[in-house]
Amino acid sequence: MPDPAPDRSGAYGPRRRSIMPILLGFIVALLIGMGAMAWLFHRFDEVSQIVKPAVPLIVPPSPERRPALVNIAPPPAADIVQTIVDQRIDRIEEKVDDIDERTAAATSEAHRAERLLIAFAARRAIDRGAPLGYLESVLRERFGRTEPQAVATVISAGRQPVTITQLSEGLDALAPQLSSASSDSGWWESFRRELSDLVVVRRADATSSAPIDRFGRAQAGMAAGHVDAALVEVARLPNRKVAATWIADARQYVQTRAALDRIESAALLEPPPAATPAP
């Protein structure tokens with residue numbers, strides 16, 4: 001075993017090793033490691049993604065972007081609920097308006113149908129020669145304001161009905177008197193009329209004015225249901241005085257049908273009564 005070397009004081013002891021080389025080696029290794037990590041970060045993005053911090057860096061917005069961020073801020077929950085409620089209320093109001101329009105149209109059609117039924121019932125009663133009964137008050141209520149004269153004519157005809165059958169039978173009963181010359185004229189006048197009827201000169205398209213021909217046209221008109229045409233022919237006969245009652249009944253019949261036509265037209269064209277507004 002070698003002897004310990006003497007120190008500067010001349011005493012012998014263990015020799016101390018210097019720490020400077022170790023410190024220099026550690027610093028060099030640290031620098032080499034940091035350089036390698038920098039090279040790896042620059043070379044490989046995956047390493048930087050693994051090593052980078054998980055918490056993102058929050059950068060405050062610039063003054064120019066602050067108004068835009070304020071504008072796009074989400075609305076409060078109360079405003080969203082109110083918007084949804086308003087939209088639903090608008091849809092409900094649209095449906096209610098649609099229902100009101102359909103109800104008004106249906107009500108108008110119902111009133112029109114009711115008025116037409118009343119007019120048809122009155123016409124049927126008049127044609128059958130039956131009294132109107134309760135239809136008198138209904139006619140006054142529904143049509144008395146717009147067609148008062150027509151309503152009065154129909155009600156009067158209902159109290160004294162005249163049917164087309166009665167008119168046809170009455171005209172046939174008057175045939176012997178109406179188809180000949182007037183009976184109250186003198187013998188000379190009758191002789192002249194008969195003599196003039198022997199030779200008649202007229203145009204081919206002109207109608208004959210002979211009593212028998214007029215009466216024949218009146219009967220044809222009654223058979224076709226044209227009471228007005230038959231009335232015109234009978235009123236022009238020379239012996240029309242004997243048919244005064246028939247002429248009055250025929251005029252009543254024609255006026256009554258004209259009044260019924262006016263009532264039916266009013267039933268189609270008259271607007272429905274205004275509805276009373278609800279409180």
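The chain has 12 helices and zero strands, where helices (H or I, at least four residues) and strands (E, at least two) are DSSP runs numbered from the N terminus. This is a predicted model, in which local features need pLDDT of at least 70, side-chain atom pairs count only at pLDDT 80 or more, and totals for chains, interfaces and linings use all residues. Residues are numbered from 1 along each chain as its sequence is written, and side-chain values use heavy atoms, with hydrogens and water left out.

**Overall make-up**

- Along the sequence the pattern reads α-α-α-α-α-α-α-α-α-α-α-α.
- Of the 279 residues in the chain, 21% are buried; buried means under 20% relative accessible area, exposed means over 50%, and partly exposed lies in between (1.4 Å probe, protein chains only).
- The accessible surface of the chain is about 21200 Å², and carbon and sulfur atoms hold 61% of that surface. Accessible areas come from the Shrake-Rupley method with a 1.4 Å probe, and for residues only the protein chains shown count as cover.
- Counting contacts between residues at least 6 apart in sequence, 67% join residues at least 24 apart; a contact means heavy atoms within 4.5 Å.

**Salt bridges**

- A salt bridge is a side-chain nitrogen of Lys or Arg within 4 Å of a carboxyl oxygen of Asp or Glu, and by this rule the count comes to nine.
- Glu114 and Arg142 form one of them, with the closest N and O atoms 2.6 Å apart. Glu114 lies in helix α4 (residues 77-128) and Arg142 in helix α5 (residues 135-143), so this pair ties together parts that are 28 residues apart in sequence.
- Glu114 is partly exposed at 31% relative accessibility, and Arg142 is partly exposed at 25%.
- Arg142 also meets Glu141 in a salt bridge, at 2.9 Å from N to O. Glu141 is exposed, at a relative accessible area of 59%.
- Glu233 and Arg217 form a further salt bridge, with 3.4 Å between the closest N and O atoms. This pair links distant parts of the chain, with Glu233 in helix α11 (residues 227-235) and Arg217 in helix α10 (residues 211-223), 16 residues apart.
- Glu233 counts as buried at 14% relative accessibility, while Arg217 counts as partly exposed at 26%.
- Through shared partners, salt bridges join Glu114, Glu141 and Arg142 into one network.

**Surface patches**

- Patches are made of residues with over 30% relative accessible area and no salt bridge; like charges are joined within 9 Å, and nonpolar side chains (Val, Leu, Ile, Met, Phe, Trp, Tyr) within 5 Å.
- For charge, Lys and Arg count as positive and Asp and Glu as negative, while His and the chain ends are not counted. The place of a charge is taken as NZ of Lys, CZ of Arg, CG of Asp or CD of Glu.
- A patch of negative charge on the surface gathers Asp86, Asp90, Glu93, Glu94, Asp97 and Glu101. Within this group, Glu94 is in helix α4 and is exposed at 55% relative accessibility.
- A nonpolar patch on the surface consists of Met20, Leu23, Leu24, Phe26, Ile27, Leu30, Leu31 and Met34, which together have about 820 Å² of accessible area. Leu30 belongs to helix α1 (residues 20-43) and is partly exposed at 46% relative accessibility.

**Individual residues and their surroundings**

- Thr163 sits in the loop between α6 (148-159) and α7 (164-173), and is buried at 11% relative accessibility. Leaving out residues up to four places away in sequence, Thr163 touches Ile126, Asp127, Arg128, Gly129 and Tyr253.
- Leu135 is in helix α5 and is buried at 7% relative accessibility. With residues up to four places away in sequence left out, Leu135 touches Ala121 and Ala122.
- The C-alpha atoms of Leu135 and Ile118 are 7.4 Å apart, and these residues are 17 apart along the chain.
- Ser265 is in helix α12 (residues 244-269) and is partly exposed, with a relative accessible area of 39%. Ser265 and Ala119 are 146 residues apart in sequence, and their C-alpha atoms are 9.4 Å apart in space.
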